[in-house]
Protein chains: 2
Amino acid sequence: MRWTMPPDKVPEAWFNVVPSLVPPLDPPLHPGTRLPVGPDDLAPLFPMELIGQEVSSEPWIDVPGEVLDVLRLWRPTPLVRATRLEQALGTPARIYYKDESVSPAGSHKPNTAVPQAFYNKAEGIDRLATETGAGQWGSALAFAAALFAMECKVYMVRASYDQKPYRRMMIETWGGQVVPSPVADPSQPGSLGSAISDAVADAASRQGTHYALGSVLNHVLLHQTVIGLEAKEQLALAGEDLPDVVIGCCGGGSNLGGLTLPFVADAGVRLVAVEPSSCPTLTAGRFDYDFGDTVGLTPLLPMYTLGHEFVPPSIHAGGLRYHGDAPIISNLVKSGRMEAVAYPQAKVFEAAVHFARTQGTIPAPETSHAIRAVVDEALAAKEEGAERVILFGYSGHGLLDLSAYDDYRNDRLDG
Amino acid sequence: MRWTMPPDKVPEAWFNVVPSLVPPLDPPLHPGTRLPVGPDDLAPLFPMELIGQEVSSEPWIDVPGEVLDVLRLWRPTPLVRATRLEQALGTPARIYYKDESVSPAGSHKPNTAVPQAFYNKAEGIDRLATETGAGQWGSALAFAAALFAMECKVYMVRASYDQKPYRRMMIETWGGQVVPSPVADPSQPGSLGSAISDAVADAASRQGTHYALGSVLNHVLLHQTVIGLEAKEQLALAGEDLPDVVIGCCGGGSNLGGLTLPFVADAGVRLVAVEPSSCPTLTAGRFDYDFGDTVGLTPLLPMYTLGHEFVPPSIHAGGLRYHGDAPIISNLVKSGRMEAVAYPQAKVFEAAVHFARTQGTIPAPETSHAIRAVVDEALAAKEEGAERVILFGYSGHGLLDLSAYDDYRNDRLDG
């Protein structure tokens with residue numbers, strides 16, 4: 001069962017959870033002065049409109065028409081009931097997922113890449129620089145840049161650049177330029193932290209170039225709330241009231257936030273973050289101010305962190321390999337509004353293969369973390385003999401991650 | 001702009017063009033006797049229900065409920081108006097495409113894989129054998145087999161098996177078994193013809209195993225007519241009457257037939273087949289009886305053919321590398337109802353990249369042949385200053401073909 005909606009049902013305003021957070025968010029701090037950063041600190045990197053959204057206290061922010069025009073190329077995304085998975089599990093739970101894999105780049109990332117490209121272009125910027133790990137974010141930004149006729153330079157973690165050429169080719173097909181990072185030292189395999197440093201340095205030093213970040217920041221999570229807003233409307237179409245639990249995988253937190261933030265005010269709805277055991281920021285990190293990057297160029301953010309020098313093992317869920325979490329997500333976990341759970345890779349892929357063989361589609365390794373938690377929730381409901389409505393985020397497809405499945409089948413996974 | 005329809009709008013009957021063809025189809029012949037083949041000749045390979053569909057004179061054939069249940073996992077597929085491409089071309093033409101890339105296997109192939117698996121299962125068969133070139137058909141059948149809890153053995157052309165591991169991994173993720181073909185001679189790179197021979201030999205020699213073919217035969221094109229039937233309904237939703245021209249790429253002809261057959265009776269609608277210059281069956285082949293495979297195990301089919309020993313160059317559009325064409329398509333071309341045009345690879349990828357940078361999605365190399373013809377139709381309309389409604393088949397995505405785009409950008413294409 002699948003609930004689609006026509007393009008005119010794409011939400012025309014984003015939901016801003018920040019003004020309703022209790023306790024309120026702590027501000028980002030300047031690393032030198034440890035005073036709150038102001039717009040001037042961010043202006044070399046971001047357009048004023050995004051800086052305004054980052055600190056806005058308005059609960060709703062209008063989506064520009066030009067952004068809606070592009071989002072409507074694939075949105076609203078379908079809400080799907082995973083009936084065949086339910087039957088295979090023999091669970092009384094009703095499992096729904098919001099399918100963000102249908103975007104041109106294959107994940108939720110274009111939801112924020114498009115407005116970020118638009119606002120930059122509107123303020124006269126015609127070139128964007130960014131980093132990418134496995135390539136999900138870099139490809140989303142290259143897609144968005146192509147549609148607004150902008151240049152896009154992607155600093156790609158060298159290990160991925162060398163080993164996973166498909167995302168690079170995708171970026172280049174859209175006209176983006178990809179270089180391996182760290183640029184300064186070709187002998188290094190690189191990391192997301194070092195690639196952020198390269199991209200920030202590029203944007204800070206070049207007139208007409210800005211930087212774009214694909215997760216963590218408030219404005220990124222804001223843009224992703226179209227996911228949860230649409231899902232709420234589609235659940236009503238499916239004849240459901242509120243879900244009992246909403247589940248999403250968490251790297252930086254943008255997919256998770258996009259799905260869950262519109263449910264924060266619904267007190268009876270449990271919110272669950274799922275992360276890898278090998279990068280357990282929410283389940284084993286400390287809540288503290290820390291840098292967003294490895295080198296220490298970014299403001300200090302209040303978040304759960306494993307320390308900005310933590311290098312996660314190279315698990316297949318590249319999008320979940322980040323030492324920290326979005327301040328908004330961290331706030332919700334700290335206050336007890338959101339739960340967090342961690343799983344090792346093999347358990348995650350076991351659930352992913354079960355999903356592929358019942359529902360038919362092959363999920364991304366990141367998405368598969370959410371699926372693992374969903375299966376366990378559905379089995380718990382069966383144990384209790386209790387109905388339960390589960391909503392989860394199908395953040396991306398696994399078509400460029402098939403070697404991960406090959407490793408799983410051949411017992412080559414650890415972590 | 002995009003027109004979606006709810007799952008209950010999947011057509012509940014397939015359209016069978018065969019009884020309305022003028023002149024009628026010539027029958028397939030037994031290669032030994034050169035007499036028309038009968039059901040008994042085909043029974044070792046196919047279930048009786050499919051054999052019946054192959055020769056049916058009924059204009060409509062009901063889709064079983066169990067098949068509808070699975071098709072509704074992704075159908076109806078969207079009809080999309082390529083507004084951004086129109087604008088980039090400055091054409092007065094209105095360009096629509098039927099997006100079959102949204103299926104779990106990423107192409108139109110599951111439309112027939114699902115009923116083929118179902119009818120076999122219903123007649124007590126629990127194992128299917130088939131061949132695959134680049135892997136589109138093999139992955140579609142493995143997907144369908146997984147959903148009906150059947151075994152699936154795929155003989156994959158060895159060159160693809162060695163060089164393109166992703167489709168093999170996809171098949172294995174769904175639980176299928178893949179072996180390189182020819183099985184008998186590991187020193188050979190193989191061909192589609194030899195892989196058909198391996199698969200047919202497997203099915204003919206094993207109790208409980210049948211063979212499944214992904215194109216060419218009447219029942220395969222029949223199952224694909226859901227594409228054109230849905231498109232007709234969606235064009236009406238879009239406020240269009242009939243299209244002026246319907247365009248599809250042609251390998252064996254199942255995608256092309258699925259889209260165009262429901263328009264055959266609409267006299268004013270032009271139908272256009274697009275094929276590669278390097279495998280020009282319709283534009284440079286002869287109309288004759290020929291074998292479907294290389295070795296000569298299959299019945300003789302009346303079709304345009306380059307000769308069953310013709311080995312096409314290894315262009316990226318693996319799905320268009322076939323020495324013949326479906327008898328139904330051949331009949332339509334021979335009678336003048338359908339036109340055919342051929343393009344070289346570089347022209348095809350030029351159009352594909354233009355599409356990706358305007359519409360956002362990256363098409364399969366096969367699909368890109370149709371896009372090349374669409375662009376030329378749209379430019380002709382511009383030249384004439386004439387409105388024109390163009391419908392084309394977006395048969396699959398290019399996410400597992402990104403190296404083809406890399407070759408295009410780096411001038412490594414020929415043919």
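1. B:Asp202 is found in helix H9 of chain B. Helices (H or I, at least four residues) and strands (E, at least two) are DSSP runs, numbered from the N terminus. With a relative accessible area of 8%, B:Asp202 is buried; buried means under 20% relative accessible area, exposed over 50% and partly exposed in between, with a 1.4 Å probe and protein chains only. Leaving aside neighbours within four places in sequence, B:Asp202 is in contact with B:Arg127, B:Ala129, B:Lys153, B:Tyr155 and B:Thr209. Contact means heavy atoms within 4.5 Å.

2. On the source: this is a predicted model, in which local features need pLDDT of at least 70 and side-chain atom pairs count only at pLDDT 80 or more, while totals for chains, interfaces and linings use all residues. Residues are numbered from 1 along each chain as its sequence is written, chains are lettered from A and ligands numbered from 1 in the order in which they are written, and side-chain values use heavy atoms, with hydrogens and water left out.

3. The two chains. Chain A superposes on chain B by a rotation of 180 degrees with 0.0 Å of shift along its axis, at an RMSD of 0.0 Å. The two copies are thus related as by a two-fold rotation axis. The superposition is by least squares on the C-alpha atoms of residues with pLDDT of at least 70 in both copies. Of the interface residues of chain A, 100% are also interface residues in chain B, so the copies meet through the same surface.

4. The parallel sheet of chain A. Four strands make an open sheet in the order E8-E7-E6-E9, with parallel pairing. Its edge strands are E8 (177–181) and E9 (209–211) of chain A, each of which pairs on one side only. From one strand to the next, the twist averages 25 degrees. Two strands pair if DSSP finds at least two bridges between them. Strand E6 (residues 127–132) of chain A is joined to E9(A) by three bridges, and the two run parallel. Within this pairing, A:Thr209 in E9(A) is the bridge partner of A:Arg127.

5. Helix H6 (residues 136–147) of chain A lies across E6 and strand E7 (151–157) of chain A, and runs at about 165 degrees to E6(A). Axes are lines fitted to C-alpha atoms, for helices over the stretch in contact, and angles run from 0 to 180 degrees between N-to-C directions. The loop between H6 and E7 of chain A holds A:Ala149. Phi of A:Ala149 is near 55 degrees, a positive value in a residue other than glycine. A:Ala149 is exposed, with a relative accessible area of 62%.

6. A second residue with positive phi is worth checking. B:Asp411, in the segment after helix H17 (402–409) of chain B, has phi near 55 degrees and is likewise not a glycine. B:Asp411 is exposed, at a relative accessible area of 73%.

7. Cis peptide bonds. One joins A:Val22 and A:Pro23, with omega about -5 degrees; A:Pro23 lies in the loop between strand E2 (13–15) and helix H1 (39–42) of chain A. Another joins B:Ser181 and B:Pro182, with omega about 5 degrees. B:Pro182 lies in the loop between strand E8 (177–181) and helix H9 (192–205) of chain B.

8. Helix H5 of chain B. At 1.5 Å a residue, the 13 residues of H5(B) (residues 110–122) should span 18 Å, and the end C-alpha atoms are 18 Å apart, which agrees. The expected span is 1.5 Å times one less than the number of residues. H5(B) is mostly covered, with eleven of its 13 residues buried; among them are B:Val114, B:Phe118 and B:Tyr119. B:Gly124 follows H5(B) and has a positive phi, near 90 degrees.

9. Helix packing in chain B. Helix H15 (residues 345–359) and helix H16 (residues 365–384) of chain B pack at an angle of about 85 degrees, with their axes 8 Å apart. H15(B) and H16(B) are therefore roughly perpendicular to each other; angles under 35 degrees count as roughly parallel, over 145 as roughly antiparallel, 65 to 115 as roughly perpendicular and the rest as oblique. Residues in the contact include B:Phe349 and B:Phe355 of H15(B) and B:Ile371 and B:Val375 of H16(B).

10. An antiparallel pair in chain A. Strand E12 (residues 286–291) of chain A is joined to E13(A) by six bridges, and the two run antiparallel. A:Asp290 stands opposite A:Leu301 in E13(A). Strand E13 (residues 300–305) of chain A is mostly covered, with six of its six residues buried.
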